[in-house]
Amino acid sequence: MNISFNWLQDYVKIQESYYEIADRLTMIGLEVESVRSTKEIYKDFVVGKVCDVRQHPNADRLTVCEVSDGKTKHTVVCGARNVAAGQKIVFARVGSVVPSNGMKVRAVEIRGQLSSGMICSEYELDIGDDHEGIFVLSDDAKPGDLFSQYYWDDDVVFEIGITPNRPDCLSHIGVARDIAAIYKRQLRIPEIPVKESGKSVKSLLSIDIKDADHCPRYVGRIIDGIKIGPSPDWMQRRLKMIGIRPINIVVDVTNYVMMEYGQPLHAFDFNLIDGNKIIVRLANDGETFVTLDEKERKLTNNNLLICDAKRPVAIAGVMGGLNSEINNGTTSVLIESAYFAPFSVRRTSRHLGLVSESSYRFERGVDPLQTADVADRAVRLMQQLTGGNVYRGRVDIYPNKIKPVRVSFRSNQVERVLGISISAVTVKGILKRLGVEVKETQKRNEWRCVIPAYRPDLEREIDLIEEVVRIYGYDKIPVQERASIRFIEDDVRPGIQDRIREWFVGAGFNEIVCNSMVPGNCNAFTGRTAVQVNNPQNQDMTDLRTSLIPGMLNVVRHNLNRGNENLRLYEIGHIFSRDAFHGSTNYINDYHEGESLGIILTGSRNPDDWSLKDAEFDFFDLKGEVESLLGKFSLDNIEYNIYHSTSNTLIDDTIGIEYQGVLRGYFGKASNDVLKSFDIENKVYVAEMDVALLREFFRVEKKYNEVPKYPPVHRDLAFILDEAVSYRNLERIIRENGRPLIQKVSFFDVYRGEKIGSGKKSVAVALELLSNEKTLTQPEIDNTVAQIVRAVEQNLGGVLRS
Amino acid sequence: MNLKSVYETIETLKAEIQTVSTKEDLEQFRLKYLVRKGIVQQMFEGLKTAAPEERPLLGKALNELRQTAQRLFDEKKSQLEQVQTASKGGIDLTIPGRRRPIGTKHPITQALDDMTDIFKAMGFAVALGPEIEDDFHNFEALNFPPDHPARDMQDTFFLDETALLRTHTSPVQIRVMMNQKPPIRHIMPGRVYRNEAISARSYCMFHQLEGLAVDENITFAELKGTLATFAKKFFGSNVRYVFRPSFFPFTEPSAEMDISCFLCNGKGCRVCKQSGWLEILGCGMVDPNVFKAVGYDPEEVTGYAFGMGIDRTALLLYGIDDIRMLYENDTRLLNQFT
């Protein structure tokens, strides 16, 4: 909301500087977001006089003017047709900055003629659209006077961020009222003496409200015999100052009064209102209507219409119709001042996607008690400015009077909420200055407050407490740097996420954070049904991610394109699906949401280790990371199984991470299809698992197991096996048959070659044997080894390699 | 001893030092010549018995001997040390070690961790909630009535009639209060979504940290104290702050907290748009309607709530001027946050 500092002073006396007022307004919750001072904007613009105009010697369309700025004369090359000697104009000195485009005026040579300064058009001054001709001032302008003083009266405009609870401050009187409350000054509301004549309005117009819930009050007044033309300069300047384009006298008055009182008005050409009748009714489903902006609007039976005897003429509170608009031939005007229900206007405005100055105010709530006064104010101004004839009386349909809100207020609650005691006199004083009527009751410290109708936000005691402290000053509340806290009973141990992050930081990974909204094709690879956004911002954000991997692959591509080729990445984040998945919770409807951990490896294993410089990551690096991580979180009975899925095509040869037969994650090399669709040519290894799995088994209780008393014995064995025999089978056989001495089986080599024969491989393992009772003897060791060798032979056809 | 023997000894020294190649050899050299009972000192002893007329020349020569011995020793010593550091058994020890890559937490996580630590020390526990919410938790229970313009303050991504992507972490307040009785002292970090045009200053999702305290006797004064303490710990003890009235449906009275710009110390700079102040969080006393929605009695308890954007604070803190860079995850940026 733009508020003019000069305009405010019509309603309240201000002796403070504008920046002090801006600061105080901010500190009572009317945040002044920016301040534009005309003195600043038009610093180097002065009233000038064109002393002489002659043809430019080298250009037909240009003239060379002598301009006096009151003190000195400047030679200026001008391209405007309407420039003439004797004119008072706005002169921009060299060095000034043009408000409309931010360009700096320089002394330049134009076709061999030096030009020092500029004669401005309305457009350049940012006060109108005309950029063809120069802006000619009236003859009383004195050369040398600052333009900001001459034209704007050195006005300042505040841009105030009005919060949705303060519709009363969407007007100059509303802001002035708060200023009056801070400084304990009188608020001056304009007197509205209307000179009425001729017929009674009631004989000319009938108003019928069909739905009083949507329209509790509707006032109509008629002014006749007016001539449409521009509004006076002072009104145009005020409107321009706050960013409203002047149109004509009628429209300007309705806008002016709206900015004065906060009450939106609509002006109909009364001659275009059929049957001298206004009917306020809900639209029929599918009914169409053409608004002022020449767009056809399709309505529902929730939208309120203003109609004449035959047809709709406006969408209530949102926008008028083309069919009854004020035009150059208008002589008779019907002024509508109404109170439309906030919910009604809001629904219509949202349905149409149309927000106007009018709908913005109605949906926040205007003052239902000033409806008639504001209509009077508007016709009074039109009468003053155009000399029209105001018909006697007004039609005011107000079937159910809106009763003032009463709130009981216990003054001790101020301290309970704020932690500061404010005297009853002060509290009462503040409330009264804000227009709240305060009455004593039987009970001590309990008052009955009557809320003014312009403050729909004040409904409860707490609302009044806020009003009190808002004016009293938040800065006066003490800063209590202590609290009595009860020791929280619930779980405060560090989240699993922190532990996972620490692990990955130690392991040299970069954490990344990706958008949860992805394009639809990202989810095609995961085989899960994606949750879709109803109103996506663009085609790249239509779905919620069903997996972290696609987003992470985007990051891989982004980095590869910038030459960052060696990546170890991890992300912890939520994934979503219409189907339940492991680790997911279903909070809302059939949407499933869970926390996921994604891991990516690509490029060189370790570029900072020169001995490994050229070693590229491979599958076993990824598997090792997964195994180490799960080991860290005490998950040792995990099974890694080859996992075939027709729907999840993220990975070729996927290994599933299974716990108790349930798939909780997967990893492998990203499939060529996926990499192709992400435009990645490098090999990328990816893993994803649900965080719930880690949380479930994260061992909090730690317990000591006695370390072995007797030394372990190590034996290395190599078996020649068929290619088809998996290492996992070999290890299982060794473990089963090495009991009870076998402690550890470690893989250390696989060899293929001529000596072994085709279709065969030699697998070497290291065994650790140990007894908790004694030091092992040679026969015991040999016995166990022999047992193992025999079992491998019998079960797997393996031969001990000697 | 005569002049000649002194000069011969000097020559011997020079020859002998050539054969020194190890620290041990050098030590032998030192023991032979440079210690108190070494050859050099012994020859000096001979000066006493020399003829008076020979003494000046002889003394000069002896001095030359001593200086030469010491110089040769020093030179050799430093030469050997250099060899020692540069190479042993043909290895250049100045080559860098085999380093491991340095892992990082995302800047957003780091900022959040720092904030969390401060609040944990003040007795707050951490609570989390879903990112898909419904109208009840995200709006209605937080005192956003249907058809109220306050809903326009947050542009929402909808999934269907009632489900949406949470626009703030405040629904977690509702979940926490519906799950347990007062006292409550929780912080609630998490990801939120707003349907706002993406630019250098805003993104369609970001992260918030919300706080909630509910108990008997909780006042606005305590809220101010809590947040002032946070600001001092997080932004530095010299930070100045101001609480301004504002509006949020779920708190009343509501406030915004500004801190003096820590980049220019309040003098005015590009980041604070010359104002000297930075808006960092919104806060207020929990609105009685919120207590009613979760089944608390507003006559029995009071509470405060606050919320701040983590991403924006991280940008300010680390001097990153485009929010989109946080989600591009260029490792050249990430690796600066070790």
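Modeller: Helices (H or I, at least four residues) and strands (E, at least two) here are DSSP runs, numbered from the N terminus. This is a predicted model, with local features needing pLDDT of at least 70 and side-chain atom pairs counting only at pLDDT 80 or more, while totals for chains, interfaces and linings use all residues. Residues are numbered from 1 along each chain as its sequence is written, and chains are lettered from A and ligands numbered from 1 in the order in which they are written.

Between α5 (147-152) and β11 (156-161) of chain A sits Asp153(A). Its phi is positive, near 55°, even though Asp153(A) isn't a glycine. For burial, we count other C-beta atoms (placed from the backbone) within 10 Å of a residue's own: 20 or more is buried, 12 or fewer is exposed, and in between is partly exposed. Asp153(A) counts as partly exposed because it has 15 C-beta neighbours inside 10 Å.

Another loop, between α22 (727-737) and β39 (742-751) of chain A, holds Pro740(A). The peptide bond joining Arg739(A) and Pro740(A) is cis, with omega about 0°.

On to a helix. In α10 (residues 342-352) of chain A, the buried residues are Pro342(A), Ser344(A), Val345(A), Arg346(A), Thr348(A), Ser349(A) and Leu352(A).

Now the core. By nonpolar core I mean a set of buried Ala, Val, Leu, Ile, Met, Phe, Trp, Tyr and Cys residues joined through C-beta atoms within 7 Å. The largest one has 265 residues, and Val90(A), Ile119(A), Ala316(A), Val333(A), Ala378(A), Met552(A) and Val686(A) have the most contacts inside it. Helix α9 (residues 249-261) of chain A gives the most to this core, 9 residues. Apart from it lies another core of 13 residues, including Val713(A), Phe719(A), Leu767(A) and Leu769(A). Contact means C-beta atoms, placed from the backbone, within 7 Å. Leaving aside neighbours within four places in sequence, Ala316(A) touches Cys215(A), Val280(A), Leu304(A), Leu305(A), Ile306(A) and Phe340(A).

Next, some strands. Two strands pair if DSSP finds at least two bridges between them. Strands β34 (residues 638-642) and β35 (residues 651-659) of chain A run antiparallel, joined by 5 bridges; Glu639(A) has Glu658(A) in β35(A) as its bridge partner. On from there, β35(A) is joined by 7 bridges to β36 (residues 662-670) of chain A, again antiparallel, and Ile655(A) is partnered by Phe667(A) in β36(A). The hairpin of β35(A) and β36(A) has 2 residues between the strands, and Gln660(A) takes a positive phi there, near 50°.

Finally, the partner chain: 79 residues of chain A are in contact with 64 residues of chain B. Helix α15 (residues 461-472) of chain A supplies the largest share of chain A's side, 6 residues. That side divides into 36 nonpolar, 22 polar and 21 charged residues, where Ala, Val, Leu, Ile, Met, Phe, Trp, Tyr, Cys and Pro count as nonpolar, Asp, Glu, Lys and Arg as charged, and the others, Gly among them, as polar.

Definitions and conventions: Two residues are in contact if their C-beta atoms, placed from the backbone, lie within 7 Å.
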